[in-house]
Amino acid sequence: MRVNTYGLNDIIPLDIKRKVRQRCGFGCVNCGSAVYQYEHVDPTFAEAIEHDPDCIVLLCGGCHDRVTRKILSKETIKSRSNKPFCKQSGFSFGPFDIGLVEPTIKIGTLTCRSVESLIEIDGESIFSIKKPEFDGAPFLINAFLADRDGNEILKIVDNEWVTTIDNWDVEVVGPRIKIRRKLGDILLVIRTESPHSLIIERLDMEHRGVKITCREGENIEIVTRSGQILKSSSMKINGSRIGIEITGNSLGIGVGGGNIYIGSMTMRSVQPTLPNIKQLRSRQEPLKKIRRNDACPCNSGKKYKKCCGFFR
């Protein structure tokens with residue numbers, strides 16, 4: 001721990017760090033890299049009497065080194081502080097170190113290896129692994145992760161992860177990325193064990209009406225639009241084309257061959273919730289009969305007869 005001439009130590013309080021991240025857009029003010037450090041700019045740490053979030057910026061190691069070597073001026077960084085790169089572009093980004101050996105991906109208690117598409121919803125893969133394009137190239141990970149309302153919070157494109165500035169907070173500490181919806185409300189925790197593993201420790205998301213919840217060491221839970229609920233405290237899939245496939249009213253595990261190990265799993269169905277008739281009447285809204293070929297009121301995009309009407 002360093003202490004300056006005014007007795008201020010270099011440990012920045014967590015709430016101040018969060019304010020700095022939010023102001024800078026969760027990445028380096030100069031280039032947008034989300035692998036950063038906190039830097040006192042004006043005044044410098046040596047001259048600071050407090051940790052003022054308006055006087056601290058996020059700088060990646062490369063840009064910080066350029067400032068130290070006087071290749072990049074402090075005046076430029078002060079200017080960037082007023083118009084951070086991420087605020088202008090709408091995102092911050094960072095790389096994952098994925099090696100030449102096929103990686104293991106863990107989503108809570110689901111472990112996948114040599115699986116092309118880990119989770120697929122209506123033909124859309126939300127987490128996939130592509131083999132190297134040529135000898136000496138890395139495996140490529142692509143993913144789409146959302147919040148409980150289906151809004152994108154992080155995506156991975158060919159091993160580079162990108163987060164939107166619409167997030168409330170994105171914190172990067174070492175190999176771990178943590179995204180919060182508000183104080184104490186964590187939506188996503190993802191970490192790497194480079195270069196062979198990527199672990200989603202925590203996730204609360206919804207996509208196309210399908211809910212996915214997981215905690216490392218606890219059950220992974222998937223709830224489909226039709227009310228199917230899958231819970232598992234231990235599931236390993238190796239060599240399948242698709243790990244978990246959700247299509248309409250069906251849910252498949254280990255599609256396309258491979259080996260599957262399930263230590264514990266429960267599968268049940270609940271009746272989907274349809275609009276409450278009494279509430280509709282109390283608001284004096286006219287009731288509309290739902291026909292078999294009408295769009296399902298759960299907003300799944302499916303016909304009623306192929307979605308919630310399936311259970312009627």
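## A guided reading of the predicted fold

The largest nonpolar core has 65 residues, of which Ile-107, Phe-127, Ile-156, Ile-177, Leu-188 and Ile-200 touch the most other members. Such a core is a set of buried Ala, Val, Leu, Ile, Met, Phe, Trp, Tyr and Cys residues joined through side-chain atoms within 4.5 Å. The model is predicted: local features need pLDDT of at least 70 and side-chain atom pairs count only at pLDDT 80 or more, while totals for chains, interfaces and linings use all residues. Residues are numbered from 1 along each chain as its sequence is written, and side-chain values use heavy atoms, with hydrogens and water left out.

The protein has five helices and 20 strands; these are DSSP runs numbered from the N terminus, with helices being H or I of at least four residues and strands being E of at least two. Of its 312 residues, 45% count as buried. Burial is judged by relative accessible area, where buried means under 20%, exposed over 50% and partly exposed in between (1.4 Å probe, protein chains only). Among contacts in the protein with a separation of 6 or more, 52% are made by residues 24 or more positions apart; a contact means heavy atoms within 4.5 Å.

Leaving aside neighbours within four places in sequence, Ile-200 is in contact with Lys-106, Ile-107, Gly-108, Phe-127, Leu-145, Leu-188, Val-189, Ile-190 and Cys-214. Ile-107 and Phe-127 also belong to the lining of the largest cavity, together with Ile-119, Ile-126, Leu-145, Leu-203, Met-205 and Ile-212. Strands β7 and β14 are the elements that give two or more residues to this lining. By class, the lining has eight nonpolar residues, no polar and no charged, where Ala, Val, Leu, Ile, Met, Phe, Trp, Tyr, Cys and Pro count as nonpolar, Asp, Glu, Lys and Arg as charged, and the others, Gly among them, as polar. The space in this cavity is about 40 Å³.

The largest pocket, by comparison, has a volume of about 340 Å³. Of its 18 lining residues, Tyr-38, Glu-39, His-40, Phe-45 and His-64 are the closest to its centre. On a 1 Å grid over the protein atoms alone, a cavity is a set of points where a 1.4 Å probe fits but cannot get out, whereas a pocket is an open set with protein on both sides within 12 Å along at least five of seven lines; lining residues have an atom within 4 Å of a point. Grid points are joined across faces, edges and corners, and a volume is the space filled by probe spheres set on the points. Strand β1 (36-40) and helices α2 (61-68) and α3 (74-82) each supply at least two residues of the pocket lining. That lining comprises eight nonpolar, five polar and five charged residues.

Strand β14 (residues 197-207) also holds Asp-204. Asp-204 counts as buried because its relative accessible area is 9%. Its side chain is joined to that of Arg-215 by a polar contact of 3.1 Å, that is, a pair of N or O atoms within 3.5 Å; within protein, one must be able to donate a hydrogen and the other to accept it, and residues adjacent in sequence count only if both atoms are side-chain atoms. Beyond four places in sequence, the contacts of Asp-204 include Ala-146, Asp-147, Arg-148, Ile-186 and Leu-187.

Ile-244 is buried, since its relative accessibility is 0%. Ile-244 and Leu-110 lie 134 residues apart in sequence, with their C-alpha atoms 9.9 Å apart in space. Leu-110 is among the contacts of Ile-244 outside four places in sequence, as are Leu-118, Ile-119, Glu-120, Ile-222, Met-235, Leu-251 and Gly-252.

Helix α1 (residues 14-24) has Ile-16, Arg-18, Val-20, Arg-21 and Cys-24 as its buried residues. Their cover includes β1, β2, α4 (85-89), β11 (169-173) and β12 (176-182).

The peptide bond from Asp-42 to Pro-43 is cis, with omega near 5°, and Pro-43 is in the loop between β1 and β2 (56-60). Another cis peptide bond joins Ser-194 and Pro-195, with omega about 0°; Pro-195 is in the loop between β13 (185-193) and β14. Lys-70, which is not a glycine, has a positive phi of about 65°. Lys-70 is found in the loop between α2 and α3 and counts as exposed, at 74% relative accessibility.
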